[in-house]
Amino acid sequence: MDNRYRPVIGLEIHVQLNTKTKAFCDCSAEVFDLEPNSSICPVCTGQPGALPVPSHEMFELGIKIASALNCHINLYSRFDRKNYFYPDLPKGYQITQFFHPLSERGWLEVDGKKIRITRIHLEEDAGKLLHSGDNITKSDYSLVDMNRCGVPLAEIVTEPDIESPEQARIFMEKLRTILRYIGVSTGDMEKGAMRCDANISVVDTITGKQSNKVEVKNMNSFKFVEKALEYEFDRIVQLMENGQEVERETRGWNLTTKSTVSMRSKEESHDYRYFPEPDIPPVVLDSEYVEKIKNSLPELPDDRLRRFVNDYKLSEKDAWTLVEDKKIADFFEEVVKQTKEPKETANWFLTELFRMISEHGEDKIHINPTHFVELFQLMRDGKISRNMAKDIFQESALSGKMPSEIVKEKGLEQVDDTKLIEDIAKKVIEAHPKEVEGFKNGKEGLFGFFVGQVMKETKGKANPKTVNEILNKFLRGV
Amino acid sequence: MWYNSIAKREEVSELEMLTNEAFKTMTLKDAMTYEDKSALVERSVEIIAKEDKNIRAFISVNKSPNIGIPIGIKDNMNVKGVETTCASKILKGYVAPFDATVVQKLRENGFSFVGKTNLDEFAMGASTEYSAYGPTRNPHDLERVAGGSSGGSAAAVASGEVIAALGSDTGGSIRQPASFCGVVGFKPTYGLVSRYGLVAFASSLDQIGPITKTVEDSAILMNIIAGKDEMDSTTVDRKIDFTEFIGKQFPKMKVAVATQSFGEGVEDGVKQKVREFITLLENFGHEVAMVDIDDLKYAVATYYIIAPSEASTNLSRFDGVKYGLRVSSDSLRDSYEKTRGEGFGDEVKRRILIGTFTLSAAYYDAYFEKAQKVRRKIANRLSEVFEKYDFIITPTSPIVAFKIGSVSDPLVYYMMDIFTIPANLAGLPAISIPFGKVDNLPVGIQIMGPRFSDAKVLGFADSIERQLR
């Protein structure tokens, strides 16, 4: 069944731009968790007589996104009004770009496939309603928080090129990585800084029939994007199998029931009466200005991935794990610059460092490149074992102390004194005559037992290499 | 020395004894150099108290105004701390939280806001009859309308209640009431005066301008209120001295008189005044030609698509959620419908309905998009005329002030804007200056110039005004 039906998915993503000011006024755009209605002014609350003035920074960030997503940037763009009534929309219209968007025709590669971007345009966010009850219909009253009114958004619309719910999630995750790389948004879906609506239809590959399109909303995490689309795909396939009509409608992901619920049918959809915003003249960008912004972009994740694979000889999977978070990737390169050991450094990052971050949280980690350099040096010099190194790393990371300092403090330095180890080895052999006999009769496995006993006596500080050499001499006579 | 100084002071205080009659005819130019500004405010408040019972130019009067030059502000512009009603029930109780840019500029220049003047609700109308506060009466004949929508401002200046006033002009709302009331009304080039703090009717057409007793006063006011404003991105950065040509000789100008001035619907008396005006221009040595500007016949239809389209969305914010009237109901939709149903008057509703229709997806191309094209065509045609002529002359209004309540057909009413609308569609400067009377009612002549020729339009109008005195 799974092979017979194929989902066709397109996404519409709203990205909150982290500009200093709102899109059309001077209010601060950092409004998450603020006291309600504390970042508002006559413009963003739609007072009579107030006028919108577009922010330059919003265009700068918009151009960055468009460039990173390989889009064509329109030097001439214009704002339009999208008209509808809702209490969180103070002007009764949203200022958006409908007829002449900032940019068009781009792509983002996911799993080796280019997902085409239809358009990216700029618009303003709406406010938030706080209902006295569970939802608007069950409430005695609702309050309006207008802090978010006018926060700039970039809306990214893809072509229906996405072939699976999983691919939709990966697309979103990759997009977030890019947004963070170019520093235009936190990309936090949980905080609403990135929001995703999806259009899904299903093709029956045998009959060639394609179902009607369903719009899915309210998917406020990467996981839910995948889950909701999986649910919706199954639901549509079920309908098709039963020969039922798939209704053109908008459905919302319900977190508690883990299902999608109909919100409105297409017949009920609004006529938004789009028309050019007469309060804002068309924006004509200077091509040099656009070039300047394009050139200011940092290395993008895909380019970095390629470089990590080629220069550091890392597997694609490992490389992406490092690249995905720009801060980690930057730090990794800083460390490699000093250790000159990319593979070994990557190993420590992928195992120890990531484990520490997930256990303690990023801000508790105080490690710097010289820690790595010292740690590697101590291992190379045979002063500490790999196992010891892990403990030392952990302590360095949490306290910021240098590995050599920790070694000294705790007397962890490897015992490499041949005379001392010989004495201990002798004692161990004397104390275990049965095992010596067993070994001499061919129980080779007992060699490890003697090594273990010596290590135990030295509290694990003996250099394993030296222990091996001495035991070989005593037991095998070599 | 000592005696002299006493004598001087007595002299001055005598000069400062301003009578109400003297105040009524006082120009802004004189008021600006008049030292005892408190006397100006006192006279203004006194006259308003006496006369406005009949004229009803004001919606609200400031009981304790600042000292300064008394000016009337049309009640669709924000004066901080004062109610802005737009003559609508829907804004009842709304106190403006900020000054309009023009108001702020006037404040800085020592003006006193003695009151907010009446208008057609949200500036939609040409008679000030469509006001929730009742009609303003024409000071020349109290049975007749003052024109509109800035009828309150025009009547307040004409009656001498204030020295000057501000109006807003979307399709003639400054010039037509100025014409009906026998005063000067000037609509600047679009973009010269900030609209920040002006409650929008049709954003691409709206422009604030002065209503004054003399052309020079309009130029003086323009120098104060005009200029690029960071709060209004449709303003342009253009340094203009609006008084540059005031008092100057205007040598032989090329003047086009639109043949439409003698067309259907223009009252005979008005036609006669236009003929007299032509003769006058010729006598002053100007070159006058009759020019058929045929495209003007589309102007009214174009305007009554574009203006209601913009208005229908500009007025969406009046939803009962944030300010003004709220009629509560069980459902959100019901509350919207009742608030707007009770808050807006018939003419406003009519225009919201028209605009909602012309912007709807199914009719956008046929109406709004088409109207935008015709708008450009009209603008292009006017530009063509201005390649050959310095100014275009028409009557400001095809008719003189009519009796209150005598016009009920909206189409007849809309046609009155035929001569004023083109300047808004093309964003051009245009002035209405009084030119005598017909049956004791003032007639205004409109002088229109190319974009940014504001100083020349004012200068030319001033040169004619001076000859008439």
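Colleague: In which sense do strand β7 and strand β12 of chain B pair, and over how many bridges?

Modeller: Bear in mind that we're looking at a predicted model. Strand β7 covers residues 184-187 of chain B and strand β12 covers residues 430-438 of chain B; the two pair in the antiparallel sense, over three bridges. To see it residue by residue, find G185(B): S432(B) of β12(B) stands opposite.

Colleague: What stands opposite S432(B) in β13(B)?

Modeller: That's Q446(B). Here β12(B) and β13(B) are the partners, again in the antiparallel sense, with seven bridges. They make a hairpin with two residues between the strands, and D439(B) in that hairpin takes a positive phi near 50°.

Colleague: How many strands form the open sheet of chain B, and in what order?

Modeller: Eleven strands, with mixed pairing. Reading across, you go β1-β3-β2-β6-β8-β7-β12-β13-β11-β9-β10. The edges are β1 (58-61) and β10 (287-291) of chain B, each pairing on one side only. From one strand to the next, the twist averages 30°.

Colleague: Which strands does helix α9 of chain B touch as it packs on the sheet?

Modeller: Helix α9, residues 268-283 of chain B, touches β9 (254-258), β10, β11 (391-395), β12 and β13 (441-448) of chain B. Compare directions too: the helix makes about 110° with β12(B).

Colleague: Let's turn to helix pairs. What describes two packed helices?

Modeller: Two things: the angle between their axes and the distance between the axes.

Colleague: Which residues make the contact of α12(A) with α15(A)?

Modeller: From α12(A) you have T418(A), I421(A), E422(A), A425(A) and I429(A), while α15(A) brings T466(A), V467(A), I470(A), L471(A) and F474(A). Sort the residues of that contact and you get seven nonpolar, two polar and one charged.

Colleague: At what angle do helix α9 and helix α11 of chain A pack, and how far apart are their axes?

Modeller: Helix α9 (residues 369-380) and helix α11 (residues 403-410) of chain A pack at about 55°, and their axes are 8 Å apart. That angle makes α9(A) oblique to α11(A). On the α9(A) side look for H371(A), E374(A), L375(A) and L378(A), which meet P403(A), S404(A) and V407(A) in α11(A). This contact divides into four nonpolar, two polar and one charged residue.

Colleague: Zooming out, what does the domain assignment of chain A give?

Modeller: It gives domain 1 (5-290) and domain 2 (418-476). Taken over C-alpha atoms, the centres of these two domains of chain A are separated by 69 Å.

Colleague: And how many residues does the contact take from chain B and from chain A?

Modeller: It takes 33 residues from chain B and 25 residues from chain A. On the side of chain B that touches chain A, the elements giving two or more residues are α10 (299-314) and α12 (346-359) of chain B.

Conventions:
Residues are numbered from 1 along each chain as its sequence is written. Chains are lettered from A and ligands numbered from 1 in the order in which they are written. This is a predicted model: local features need pLDDT of at least 70, side-chain atom pairs count only at pLDDT 80 or more; totals for chains, interfaces and linings use all residues. Two residues are in contact if their C-beta atoms, placed from the backbone, lie within 7 Å. Helices (H or I, at least four residues) and strands (E, at least two) are DSSP runs, numbered from the N terminus. Two strands pair if DSSP finds at least two bridges between them. Axes are lines fitted to C-alpha atoms, for helices over the stretch in contact, and angles run from 0 to 180 degrees between N-to-C directions. Ala, Val, Leu, Ile, Met, Phe, Trp, Tyr, Cys and Pro count as nonpolar, Asp, Glu, Lys and Arg as charged, and the others, Gly among them, as polar. Domain bounds come from an automatic or database domain assignment. Angles under 35 degrees count as roughly parallel, over 145 as roughly antiparallel, 65 to 115 as roughly perpendicular and the rest as oblique.
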